[in-house]
Amino acid sequence: QVQLVESGGGLVQPGGSLRLSCAASGSIVSIDTMGWSRQAPGKQRELVATMPSNGMTNYAGSAKGRFTISRDNAKNTVYLQMNSLKPEDTAVYFCNADGIRLLSGSYYFGAWGQGTQVTVSS
């Protein structure tokens, strides 16, 4: 089966930076799209950034210009570099992978990680 594990969250001051990582494990042949979403208490989950295999990135308006998504397909890993962090960026960040093809021939439509907490506070 496929598992996704996020890492890199923590506590930072406003204006600081964090780099999140998410590694997908399993006998994976390829992943169509990887991305990041976040959810703050009392709010709906919000899409932050996505990156399909063709490399055409997409960002939420609140993230564009501050966040950068990247992928290492050989490692089945997606990253989110977050700069100029604001208190409103505080949330649990989740990575996801869509269109997962396994060596066995199985196909997963999607999978989500457990999330990593990002807290931006002075």
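The model is predicted, so local features require a pLDDT of at least 70 and side-chain atom pairs count only at pLDDT 80 or more, whereas totals for chains, interfaces and linings use all residues. Residues are numbered from 1 along each chain as its sequence is written, and side-chain values use heavy atoms, with hydrogens and water left out.

One disulfide (a pair of cysteine sulfur atoms within 2.5 Å) was found. The bond joins C22 to C95, with an S to S distance of 1.8 Å. Because C22 belongs to strand β3 (residues 18-25) and C95 to strand β9 (residues 91-102), the pair ties together parts that are 73 residues apart in sequence. Strands (E, at least two residues) are DSSP runs, numbered from the N terminus. C22 is buried, at 0% relative accessibility, and C95 is buried, at 0% relative accessibility. Buried means under 20% relative accessible area, exposed over 50%, and partly exposed in between (1.4 Å probe, protein chains only).

Side chains of opposite charge can pair when their charged atoms come close. Four salt bridges were counted, each defined as a side-chain nitrogen of Lys or Arg within 4 Å of a carboxyl oxygen of Asp or Glu. R38, E46, R66 and D89 are linked in a network of salt bridges.

Note on methods
Helix = DSSP H or I, 4+ residues; strand = E, 2+ residues; numbered from the N terminus.
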